[in-house]
Amino acid sequence: MLGFRKLVVMILSLALALPALAAAESTPLNRDEVTVIKRKLMAIADAVGQPAGYAKEDESYNLPTETSKMQNSGAFHALYASARFKFGGGSEKKAKKSQKEMEAEYKKKMMEAQAKGDYQEMSKIAQEMQQKSGKAQLEAENAKKEPVEANIQLNANSGQAIDPDAVVFEKPGVIALKFKTGDEDKIRIVVYFDPVHLKDTKTLSRVEMYDKQDKGVTNKTAVRNAAIEMTGPAAIVDAWAKAIATGKVLAQIDAK
């Protein structure tokens with residue numbers, strides 16, 4: 001009898017769960033829909049730009065391939081997508097390359113002078129090489145930069161208490177907050193974009209880029225909010241965040 005009751009409970013539980021499972025069934029995105037998302041990320045990355053004197057060293061995209069409908073509704077859950085960019089001393093690489101090319105050139109000259117038995121020329125070449133090599137090495141050292149990173153997130157539904165002393169800047173639909181990292185010389189700045197929930201940031205004590213009762217979106221590729229996280233040396237990141245073309249970022253967010 002006990003086994004029969006367990007079986008009945010299992011059947012009833014499965015029957016109740018089936019509608020929810022059916023409602024949450026995923027729907028694949030087609031190539032054009034994924035392209036829409038990536039183009040939005042690229043447009044925001046263009047609005048972010050890069051720190052002066054830095055070069056892009058790496059980039060990666062986390063793109064969605066499917067979506068799902070909300071329970072008992074034809075609306076879709078907003079898609080999550082992100083992109084990561086790393087910037088470093090591109091001039092450092094250039095300086096090292098120049099140094100290698102110079103060393104190869106002097107090595108060739110030295111071999112030619114040695115073949116001729118011109119010891120005076122060999123001595124002259126050695127002195128010139130030593131001087132220029134030292135200068136090139138110094139330039140390479142000066143070109144070294146601490147790496148900085150930017151992480152762009154779409155539809156992240158972020159929540160964060162607002163420390164008044166952490167506000168870097170704010171404007172309708174936008175607020176930037178500064179956070180400490182484990183390194184005293186580095187900071188993390190997150191810039192939040194949401195024309196609805198951040199319409200008047202002066203009245204807020206918390207960033208909440210989501211509705212308590214999410215109604216979803218009718219357009220599968222709709223972007224409701226964005227967040228840009230930047231990490232690196234304090235002075236560099238602070239100036240970089242303030243230079244973001246915020247209007248161009250807001251233009252990538254779809255009206256609700």
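Leaving aside its neighbours within four places in sequence, which residues is Phe-193 in contact with? Contact here means heavy atoms within 4.5 Å. The list runs to Gly-173, Val-174, Leu-198, Met-209, Asn-225, Ala-226, Ile-228, Ile-244, Thr-246, Val-249, Leu-250 and Ile-253.

Before going on, a word about the model. It is a predicted one, where local features need pLDDT of at least 70 and side-chain atom pairs count only at pLDDT 80 or more, while totals for chains, interfaces and linings use all residues. Residues are numbered from 1 along each chain as its sequence is written, and side-chain values use heavy atoms, with hydrogens and water left out. The predictor's confidence in each residue, pLDDT, goes from 0 to 100; its mean for the protein chain is 84, and 82% of the residues reach 70 or more. Please take care with residues 7-23, where pLDDT stays under 50 and the model has 5 contacts beyond four places in sequence.

**Phe-193 and the strands**

Phe-193 belongs to strand 9 (residues 186-193). Strands (E, at least two residues) and helices (H or I, at least four) are DSSP runs, numbered from the N terminus. With a relative accessible area of 0%, Phe-193 is buried (buried means under 20% relative accessible area, exposed over 50%, partly exposed in between, with a 1.4 Å probe and protein chains only). Its contact Ala-226 is 33 residues away in sequence, yet the two C-alpha atoms are 5.1 Å apart.

Ala-226 is also the bridge partner, in strand 11, of Leu-154. That leads us to strand 5 (residues 148-154), which is largely enclosed by the rest of the structure because 5 of its 7 residues are buried.

| Pair | Bridges | Direction | Facing residues |
|---|---|---|---|
| Strand 4 (residues 81-88) and strand 5 | 7 bridges | antiparallel | Phe-85 and Ala-150 |

**Helix 2**

Helix 2 (residues 31-48) has 18 residues. Its buried residues are Glu-33, Val-34, Ile-37, Lys-40, Leu-41, Ile-44, Ala-45, Ala-47 and Val-48. After the helix comes Gly-49, with a positive phi near 70 degrees.

Note on methods:
Pairing = 2+ DSSP bridges. Expected span 1.5 Å × (residues − 1).
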